[in-house]
Amino acid sequence: MAAVKFYVVWVGHKPGIYKSWADCQAQTKGYPQARFKSYESEAEARQALEKGWQKSLNFSGKGSSAGSSASKSATPETAPEVDYDSISVDVGCSGNPGIVEYKGVDTRTGEIIFYQGPISKGTNNLGEFLAIVHGLAYLQKQGSDKTIYTDSVTALSWIRKKEVSTNLVRDSSTEDIWTLVDRALKWLHSNRYANKIVKWDTKKWGEIKADFGRK
């Protein structure tokens with residue numbers, strides 16, 4: 001049985017604590033610069049809600065009078081803001097290996113831009129890799145230099161190297177995903193792109209906007 005999580009929404013349609021990702025998403029989807037994060041216990045969530053998002057998400061800074069030299073020279077530890085004019089991608093995998101599906105969404109609104117699946121058998125990392133390449137190909141067709149967000153460090157590494165490293169065997173049960181991966185690798189080797197691919201900081205920003213809600 002999946003562990004219950006508690007979702008704190010500091011900035012959203014209705015701030016508070018929610019016991020499901022669906023409820024949390026309902027309060028944050030489409031809300032500009034929403035602030036939210038999941039916790040393992042209700043006590044942690046309540047404490048975080050009281051502390052506020054600046055402290056809970058590790059935003060810090062020293063207050064000073066407006067326009068003072070101190071405020072201009074200060075270098076507080078702050079997280080970069082999310083570029084909402086972007087695409088976020090994520091994968092849903094029922095088992096690993098298992099049935100794979102992935103999607104790309106508008107980071108600001110959560111609107112689905114593309115979706116692929118279900119793919120009969122694959123891995124989470126391969127799905128993440130395919131989602132990024134799908135996003136790059138989509139944006140190229142649109143003539144767009146938008147950023148792509150992913151929460152997969154492994155997939156980012158594979159994109160940079162233009163190769164995948166996986167133990168998933170090639171056989172009849174994995175033919176579908178390997179066909180897509182081979183096609184994606186060919187695209188990477190044949191195309192150039194100016195889009196930034198950025199690691200989504202889940203600890204600071206909450207779940208990625210394309211999340212399938214299967215935590």
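Student: What is the relative accessible area of Glu128?
Tutor: The model is predicted, and in this work local features need pLDDT of at least 70, side-chain atom pairs count only at pLDDT 80 or more, and totals for chains, interfaces and linings use all residues. Residues are numbered from 1 along each chain as its sequence is written, and side-chain values use heavy atoms, with hydrogens and water left out. Glu128 is found in helix 5 (residues 124–142); helices (H or I, at least four residues) and strands (E, at least two) are DSSP runs, numbered from the N terminus. Glu128 is buried (under 20% relative accessible area; exposed is over 50%, partly exposed in between, with a 1.4 Å probe and protein chains only), and its value is 3%.

Student: Leaving aside its neighbours within four places in sequence, which residues is Glu128 in contact with?
Tutor: Contact is defined as heavy atoms within 4.5 Å. With neighbours within four places in sequence left aside, the partners of Glu128 are Val89, Asp90, Val91, Thr150, Asp151, Ser152 and Ala155.

Student: How many helices and strands are there in the protein chain?
Tutor: Of the 215 residues of the protein chain, 44% count as buried. Among contacts with a separation of 6 or more, 62% come from residues 24 or more positions apart. The secondary structure of the chain comprises eight helices and eight strands.

Student: Which strands do the buried residues of helix 1 pack against?
Tutor: In helix 1 (residues 21–28), the buried residues are Trp21, Cys24, Gln27 and Thr28. They lie on the same side of helix 1, because they cover an arc of only 125 degrees around the axis, the arc being that of the directions from the helix axis to the C-beta atoms. Their packing partners are strand 1 (6–11), strand 2 (16–18) and strand 3 (35–39).

Student: What separates the C-alpha atoms of Gln25 and Gly213?
Tutor: Gln25 is also placed in helix 1, and it is partly exposed, with a relative accessible area of 25%. Leaving aside its neighbours within four places in sequence, Gln25 is in contact with Lys209 and Asp211. Gly213 lies 188 residues from Gln25 along the chain, and the separation of their C-alpha atoms is 8.9 Å.

Student: Which helix gives the most to the lining of the largest cavity?
Tutor: On a 1 Å grid over the protein atoms alone, a cavity is a set of points where a 1.4 Å probe fits but cannot get out, whereas a pocket is an open set with protein on both sides within 12 Å along at least five of seven lines; lining residues have an atom within 4 Å of a point. Grid points are joined across faces, edges and corners, a volume is the space filled by probe spheres set on the points, and the largest cavity has about 50 Å³. The residues that line the largest cavity are Trp21, Gln25, Thr28, Lys29, Phe36, Gly110, Ile208 and Lys209. The element that gives the most, with three residues, is helix 1.

Student: How do the residues of the lining of the largest pocket divide into nonpolar, polar and charged?
Tutor: About 260 Å³ of space lies in the largest pocket. Helix 5 gives the most to its lining, with six residues, and helix 5 and helix 7 (175–190) each supply at least two. Ala, Val, Leu, Ile, Met, Phe, Trp, Tyr, Cys and Pro count as nonpolar, Asp, Glu, Lys and Arg as charged, and the others, Gly among them, as polar. On that basis the lining divides into eight nonpolar, two polar and two charged residues.

Student: What does the count of disulfides come to?
Tutor: A disulfide is a covalent bond between the sulfur atoms of two cysteines. Here the rule is a pair of cysteine sulfur atoms within 2.5 Å. Cys24 is buried, with a relative accessible area of 0%, whereas Cys93 is partly exposed at 22%. The count by this rule is zero.

Student: What is omega for the cis peptide bond that joins Gly117 and Pro118?
Tutor: A cis peptide bond joins Asn96 and Pro97, with omega of about 10 degrees; Pro97 is in the loop between strand 4 (86–95) and strand 5 (98–106). Pro118 lies in strand 6 (residues 112–122). For the cis bond between Gly117 and Pro118, omega is about -5 degrees.
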